[in-house]
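My plan was to look things up one by one and jot down what came back.

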Amino acid sequence: MTKSERTMKTTSKLTSVAIVVCLSVGASLLIAKEPAASVDADAALAKLKEGNLRFSTSEVFQGKPTAARRAETAQTQHPFAIIVGCADSRTSPELVFDQNLGDLFVVRTAGNLVDDHALGTIEYGVAHLGARLIVVLGHTGCGAVKAALESDHAPGHVDSLVRDIQPAVKAAKGKPGDALTAAITENARLVAAQIKAKAALGDLAKEVRIVFAVYNLDTGKIEWAAD
Ligand SMILES: [Zn+2]
């Protein structure tokens, strides 16, 4: 075999590898371009409302996930809603909405705030997993909002939480009811508005509904606001 024949052979091998790589990347891009809605936004909201009714009336039917459900969801996921909730241990979305493994795509931080990581997570949930409903879920007695009402500074990274809740504290001034409840509602409203303004959802934005709500720790009920 001459040197040029050897070179040709190597080049053709490399070309084949490149074609295979391109095809597989092309195929995954094609899949990524056509995300199907898991459930449309209105139907997703109805499912969450029904789930919370079951939870608040102690008629839950999900209970603990079974091995069968784990097997059903192990290879793929199609969550029907994205929940941006507080890290508070009493507000777990899967429990308060009576949902199972694979149903909800959840972002949780103290004070249900969003940063770039959270926005990226939301964008991924819409574009790649098919969720069309985004719920910002505040809750009564939120410690993060309470801390923000008391001071606009805090030690360590808690400072970034109380700082980012300040717009809600200001917006709540003069609203009816107690200051904490008003600030909690305003915070959920402002975070929903922030997601609407900042999340890069492209053409899918028209299919996506963003709502906010407040979970009541005492009653287990969720009070929904209009979007
Ligand atoms: Zn909280």
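Before starting, I noted what "exposed" stands for here: 12 or fewer other C-beta atoms lie within 10 Å of a residue's own, while 20 or more make the residue buried.

**Entry 1, confidence.** I reminded myself that this is a predicted model. I found a mean pLDDT of 88 for the protein, with 84% of its residues at 70 or more. Residues 1-32 fall below 50, and I found 2 contacts for this stretch beyond near neighbours in sequence.

Which residues of α2 are buried? My list reads A41, A44, L45, L48, G51, N52 and F55. They sit on the same side of α2, because their arc around the axis is only 125°. On the face turned away from that buried side, I noted D42 and E50 as exposed. I then checked what covers the buried residues, and the cover includes β1 (81-86), α4 (93-96), β3 (133-139), β4 (209-215) and β5 (222-224). Just after α2, I spotted a positive phi of about 55° at S58.

I traced an open sheet of 5 strands with mixed pairing, in the order β2-β1-β3-β4-β5. β2 (104-109) and β5 are the edge strands, each pairing on one side only. I got an average twist of 25° from one strand to the next. β3 and β4 run parallel and are joined by 7 bridges; I also noted Y215 in β4 as the bridge partner of H139.

Last, I followed residues 179-198, which form α8 and lie across β1, β3 and β4. I read the angle of α8 to β4 as about 165°.

Conventions. Residues numbered from 1 in each chain as written. Predicted model: local features only at pLDDT ≥ 70, side-chain atom pairs only at ≥ 80, totals over all residues. Helix = DSSP H or I, 4+ residues; strand = E, 2+ residues; numbered from the N terminus. Arc of directions from axis to C-beta. Contact = placed C-beta atoms within 7 Å. pLDDT = per-residue confidence, 0-100. Pairing = 2+ DSSP bridges. Axes fitted to C-alpha atoms, helices over the stretch in contact; angles between N-to-C directions.
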